[in-house]
Amino acid sequence: MTIISPTITQHTIVLCIEKRERGIATQALLTKAGFRVVMALSLYDALKCIAQEMPHLVISEVILSDGTAGTLYDRLQAHEMLKKTPIMAHVLKKTKEELTPLSTRKFAGFFLGPFEPRGFLAKVYEVIRAHAAVSPYFLDAESLGIKTDLTISIDAAVMGRAGEQMVSRSGTEVDSAASMVCVPASPDFGPAVLRMATNLRSGDEIFNMFPISRIIGAGRKWVLTLPEFNIGADASKGPEKVQKVVFYEPNEARYEGFRELLKGYSIDLVHAKTLPMATAMVKRDFESIGCVYLHELLNDASSIEWKGVFAKLPAGRKPPLIVGTTSLNSRSTAETRYLKRPFGMGVFVEMLQASFERADDIASVAGKNAATTTASVSVKYQAPAILIGLDETGGILQVRFPLLKGSRLNIAHAFLQTAWEGRVQVQVVASAPTEAKPDIWHARFEAIDAGMSKVKYWEKLAKHLATLPPVPAKPAA
């Protein structure tokens, strides 16, 4: 079975206690540890919460106002969808009244005595690891016998060109590490492979930009014919505008090398030998700066000062930030773009050129409220993925690049589309690299509608899973 990154799952715990004041400290401890906690003050409330939430763990005091942890255990065991829910019993006092309901029942764990934060949390982690590392309801796709290969896609509309960048509008940010196949809806246009995405946000609109020099495939032909946006540029007024870039780089020789080469692209590097120097430049004259490049961003006093100054700049006018990094896990956003060091001049130039575009400017010519639409080619950005498994809210995918939290994806998978009654769109809630292979990512997605009972969703899915033929047992090694 695939080892799934633990960071993509936020576990929900239902905490069943007799008196609210006893649960406040427990709830605070678990919430701080990253769990989502729902408190129930009776057996009746607990059963209602569990049916709605399908928690990954139930922690219950033995004696409740209208029953016992034993009654709760029996009720869940009688429910086909909930019988896998692990229950950890909290025994406040080792009396006959508290111990009797626990006998003959297979609880997932016990905590004895008054609440003690360190020991209690250690026990919770132990039970979660043993019974719900991903989810107690999780089903491995391969063991179910359903096809694991699938295609994910993002709906988008290619709007035109801004300089050397192809501009599209979609509902999702595309990670810069992703390689996506752009498939137009019209058969008259060929597909193209897109790389090195940059994302811009203007209000509720997201624009994806891809360097045209990196686009390959038959679709490159129609990409090159896209109309170019006229964003505040007027050739009759003189030569191309020189863009100013604050360049924080301690190595002066490296700065000089970049400065000379970038002159040919109408890019003027302004040297900042230290991060405080870069901070002062941006604070003094941010509106004239096209972009800021930081060789690195350490967690020291100068970094804290930089972050404070940068955060206070007006959202619509702060210059984009490019940060050089050696980390494989740094994820670019519309505001901060990470560039893996060492990098070549071509990659740096393309990222700088994309960063000079402003979201509001792009929205003025390519947004839904633009006076005239330059172009609108309906496309899907596609990439292969592997279905790892399914659980009570959706499932887990394996991909070769990170899927950003909040991204809305279409999933092309025959069984799932039947089980979801024609639904194809899901939402990514978390993504993380695998420990064994940092270039392979796991992403958790949700297919359940907001407010929908997880039990009802799981019951529907279970009916479809029951129609699958038995998976032949693997021969013994």
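Buried means under 20% relative accessible area, exposed over 50%, and partly exposed in between (1.4 Å probe, protein chains only). This is a predicted model, in which local features need pLDDT of at least 70 and side-chain atom pairs count only at pLDDT 80 or more, while totals for chains, interfaces and linings use all residues. Residues are numbered from 1 along each chain as its sequence is written, and side-chain values use heavy atoms, with hydrogens and water left out.

**First stop.** Select Glu80, which is exposed at 55% relative accessibility. A salt bridge here is a side-chain nitrogen of Lys or Arg within 4 Å of a carboxyl oxygen of Asp or Glu. Lys83 is partly exposed, at 36% relative accessible area.

**Next stop.** Now select Arg201 and Glu173: their salt bridge brings N and O to 2.7 Å. This pair links distant parts of the chain, 28 residues apart, with Arg201 in strand β13 (residues 198-202) and Glu173 in the loop between β10 (165-170) and β11 (180-184). Strands are DSSP runs of E, at least two residues, numbered from the N terminus. Is Glu173 buried or exposed? Glu173 is buried, with 12% relative accessible area, whereas Arg201 is partly exposed at 46%.

**Last stop.** Move to Arg259 and Glu260, whose side chains form a salt bridge at 3.1 Å, N to O.

To keep exploring, note that the structure holds 20 salt bridges.

Notes:
Helix = DSSP H or I, 4+ residues; strand = E, 2+ residues; numbered from the N terminus.
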